[in-house]
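Visitor: Please show me what we are going to discuss, and then let me ask about it step by step.

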Amino acid sequence: MIRFEAVTKKFPDGTVAVDDLDLEAPTGKLTALVGPSGCGKTTTLRMINRLITPTTGRIMLGDDDTAELDPAVLRRGIGYVIQHAGLFPHRTVLGNVTAVPRLLGWSKSEARSRGMDLLERVGLDAAMAGRYPAQLSGGQQQRVGVARALAADPPVMLMDEPFSAVDPIVRAQLQDEFLRLQAELEKTIVLVTHDIDEAIKLGDQIAVFARGGHIAQMAEPATLLGRPANDFVADFVGRDRGYRALGFRQAAGLPLHTEPTVRPGTAWSDAASASLDHWILIVDDDDRPLGWTDLDRPSGDVIDSTTMNLGGTLASSNGAIREALDAALSSPSGRGVVVDGSGRFAGSVLASEVVAELANKPEVVGAGEAVIEQDVVP
Ligand SMILES: Nc1ncnc2c1ncn2[C@@H]1O[C@H](COP(=O)(O)OP(=O)(O)OP(=O)(O)O)[C@@H](O)[C@H]1O
């Protein structure tokens, strides 16, 4: 665990970047620091690995006061990922990833095998190992940055806007892969971002900073969305927070309807006699949904891929209720398609039933107490 105890940072010009901060980042969890520009997030992060020295207060890493540790020893146990990756430009990808293990005295072959393993884990082709950073895309550079930070298997990772220098689609991919990696590695992570959606997606808990280095609210994502502590947090979290909070509520328990299904190659007349109305769901031989077909618009002798409407999204039966609502709203038939863990059709769901379920149990959204709630100093 990383624990800030009454930490203040006042720079020599008098700027108070962080003011009397108490914060705990639990072991094995990701704590996201989010807030507007200049509110002290990066300063907070850089005090953990002593790139910046606190003016008062102390920062504990487990039972150790970081001020009493040798900075070099401290940093060995802390991976650090920064925006634009900050790679060594004159070293190859593999040279970047193996830099810390080599410094720690690993043999060349040990470091190399660890490096190649990590490149694969962060989704980089082995052929990239010999390239130089300038020969990589922004997203690839960020992956190398993450691999480099993980190289010596540090228990703690500090990440400063690690995914912000890439376009939104690459960013979403990097975030998804990082979540998978973290589920396996369970590092203690402190991540700085100005993007509330990134904090909500990645964070086990989120500290919303306000200007002047105060915490306006510290809470789990669902609580932040469901119960913002004050107007500042509510504004920062955004307008559609009620809808986004549904991403943290399980769909399990929603009533699922049986639905007639047919396979591609079915004659229109056979499909029509099986259907509930003029829409029929097409599934493959393993019962995986392929799309809906409008029986009022027949074309050719049999139903095939050219007659299917692929517009609807799929919801997972053990996923979030937001997915179920989205599946129902995006389905051309008005019936949302729900699949089981293997992707097989499990049943359909109506938007009205999702809303009824929410109306029956509204208290679940944002349940749980905020960890810390403090008033924002104006
Ligand atoms: N070396 C420094 N000397 C003086 N003031 C500084 C120094 N470094 C940061 N600051 C100031 O401290 C405050 C907090 O800066 P910090 O970089 O921690 O904010 P941030 O929340 O990470 O911002 P951003 O999201 O824009 O990166 C800002 O007002 C900044 O100008």
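Visitor: What volume does the second largest pocket have?

Guide: This is a predicted model, in which local features need pLDDT of at least 70 and side-chain atom pairs count only at pLDDT 80 or more, while totals for chains, interfaces and linings use all residues. Residues are numbered from 1 along each chain as its sequence is written, and side-chain values use heavy atoms, with hydrogens and water left out. A pocket is an open set of points, on a 1 Å grid over the protein atoms alone, with protein on both sides within 12 Å along at least five of seven lines. With volume taken as the space filled by probe spheres set on the points, which are joined across faces, edges and corners, the second largest pocket has about 350 Å³.

Visitor: Which element gives the most to the lining of the second largest pocket?

Guide: Its lining (residues with an atom within 4 Å of a point) has 13 residues, with Ile-200, Lys-201, Pro-221, Gly-247 and Phe-248 nearest the centre. Two or more residues come from each of helix H8 (196-202) and helix H9 (221-226), where a helix is a DSSP run of H or I with at least four residues, a strand is a run of E with at least two, and both are numbered from the N terminus. The most, 3 residues, are given by H8.

Visitor: How many residues of the lining of the largest pocket are nonpolar?

Guide: The largest pocket holds about 500 Å³ of space, and 20 residues line it, among them Arg-75, Ile-78, Gly-79, Tyr-80 and Val-100, which lie nearest its centre. Helix H2 (71-76), strand S6 (78-82), helix H4 (99-103) and helix H6 (138-150) each give two or more residues to this lining, and H2 gives the most, with 4. Asp, Glu, Lys and Arg count as charged, Ala, Val, Leu, Ile, Met, Phe, Trp, Tyr, Cys and Pro as nonpolar, and the others, Gly among them, as polar. On that division there are 4 charged and 2 polar residues, and the number of nonpolar ones is 14.

Visitor: Which element gives the largest share of the lining of the largest cavity?

Guide: A cavity is a set of grid points where a 1.4 Å probe fits but cannot get out, and the structure holds 1 of 30 Å³ or more, with about 80 Å³ of space in the largest. Its lining is made up of Arg-121, Val-122, Arg-143, Val-146, Phe-163, Leu-174, Glu-177, Phe-178 and Leu-181, and the elements that give two or more of these are H6 and helix H7 (168-185). By class, the lining has 6 nonpolar, 3 charged and no polar residues. Its largest share, 4 residues, comes from H7.

Visitor: How far from an oxygen atom of the ligand is the side-chain N or O atom of Thr-43?

Guide: A polar side-chain atom of Lys-41 lies 2.8 Å from an oxygen atom of the ligand. For Thr-42, a backbone N or O atom lies 2.8 Å from a ligand oxygen. For the side chain of Thr-43, the distance from an N or O atom to an oxygen atom of the ligand is 2.5 Å.

Terms used:
Polar contact = N/O pair within 3.5 Å; in protein donor to acceptor, adjacent residues only side chain to side chain.
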